[in-house]
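I'll jot down what I look up, one topic at a time.

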Amino acid sequence: MKGGPEQAAAASAQLLILAGLTAAFGLGPLGVLVGVVYAVGLLGLLSAAMHRAGRSVLGPADLVTLARALLVGGVTAIVAEGLLTGWTAHGALVAIASVALALDAVDGKVARRTGTASPVGARFDMEVDAFLVLVLSVHVAGIVGPWVLAIGGMRYAFVAAGRLLPWLRGPVPPSYVAKAVAAVQGVVLVVAASQLLPPHLTVALVAVALAMLVWSFARTVWQLWPAARVPSAG
């Protein structure tokens, strides 16, 4: 990723999102600070990933993913402000998160149609999805209960487990079911965040989503388990 125009444009866009939230909804300085820190971390990690891949320019699909990531920065600022001060803007959070989720169906199509799919782009897309679900689960935990954090933390727990058990880092066959289950998590958390449903229905809906996610990860572990029983050469 170029250190000049693309970085500057992305940073400016993030600042505009934060400024809009401040002007329209009263986002406080703590939320703005968290949003700025998020943007710095995002652009730094993305630049490092691009450098390792030997790329200097983002492709069309990567730009869509970057736009989603900047929207996630807005959601992160709102959630952080709520945690730190008790302020929140449910309408803005739901609207921004909904757009970010909707764009998740766009970047993959753009990558395929333009022939610009890449491992870096796929990883970028996955990390943005995972972080959005994590942030939403933090917010919804304040509505439903702390057990909801399992939804946002499960993917990161799986990655951490892979550090200790190398066989968990093995390749997994592509699965539309797993992708659908992952997509459901974001949608359900946004619905829960909207507080449009009666509390008991919200709890039931989130519980079903969590059960689906547990099943999906258990299925992945089961697929990878044979690798743990294969004796290493030598």
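Which residues does Gln14 touch, not counting residues up to four places away in sequence? I found Gly35, Tyr38, Ala39, Ala69, Leu70, Gly73 and Gly74. Contact here means heavy atoms within 4.5 Å.

A note to myself on the source: this is a predicted model, where local features need pLDDT of at least 70 and side-chain atom pairs count only at pLDDT 80 or more, while totals for chains, interfaces and linings use all residues. Residues are numbered from 1 along each chain as its sequence is written, and side-chain values use heavy atoms, with hydrogens and water left out.

**Entry: Gln14**

I placed Gln14 in helix α1. Helices (H or I, at least four residues) and strands (E, at least two) are DSSP runs, numbered from the N terminus. Is Gln14 buried or exposed? Gln14 has a relative accessible area of 1%, so it is buried. The scale I use: buried is under 20% relative accessible area, exposed is over 50%, and partly exposed is in between, with a 1.4 Å probe and protein chains only.

**Entry: the nonpolar core**

Next I looked up the largest nonpolar core, which has 53 residues. Such a core is a set of buried Ala, Val, Leu, Ile, Met, Phe, Trp, Tyr and Cys residues joined through side-chain atoms within 4.5 Å. Leu66, Val75, Leu93, Leu136 and Ile151 have the most contacts inside this core. The elements giving it two or more residues are α1 (5-25), α2, α3, α4 (90-114), α5, α6 (149-164), α7 (176-194) and α8 (199-229). The largest share, 9 residues, comes from α3.

I then followed Val75. Leaving out residues up to four places away in sequence, Val75 touches Leu93, Ile96, Ala97, Leu132, Val135 and Leu136.

I checked Leu210, which sits in helix α8. Its relative accessibility is 15%, so Leu210 counts as buried. Beyond four places in sequence, Leu210 touches Trp147, Ala150, Ile151, Met154 and Gln185. I also noted that Leu210 and Val184 are 26 residues apart in sequence and 9.7 Å apart in space, C-alpha to C-alpha.

Thr220 is in helix α8 too. With a relative accessible area of 15%, Thr220 is buried. Setting aside neighbours within four places in sequence, I found Thr220 in contact with Phe158 and Val172.

**Entry: aromatic pairs**

Rings of Phe, Tyr and Trp (its six-membered ring) pair if their centres lie within 6.5 Å; planes under 30 degrees apart count as stacked, over 60 as edge-to-face and the rest as tilted. By this rule I get 3 aromatic pairs. One of them is Trp167 with Trp225, edge-to-face at 5.4 Å centre to centre and 75° between the planes. Trp167 lies in the loop between α6 and α7 and Trp225 in helix α8, so the pair ties together parts 58 residues apart in sequence. Trp167 counts as buried at 19% relative accessibility, and Trp225 as partly exposed at 35%.

**Entry: the second largest pocket**

Last, I looked at the second largest pocket, with a lining of 18 residues. Leu42, Leu45, Leu46, Phe124 and Glu127 lie nearest its centre. (On a 1 Å grid over the protein atoms alone, a pocket is an open set of points where a 1.4 Å probe fits, with protein on both sides within 12 Å along at least five of seven lines; lining residues have an atom within 4 Å of a point.) α2 (29-52), α3 (60-85) and α5 (119-141) each supply at least two lining residues, and α2 gives the largest share, 9 residues.
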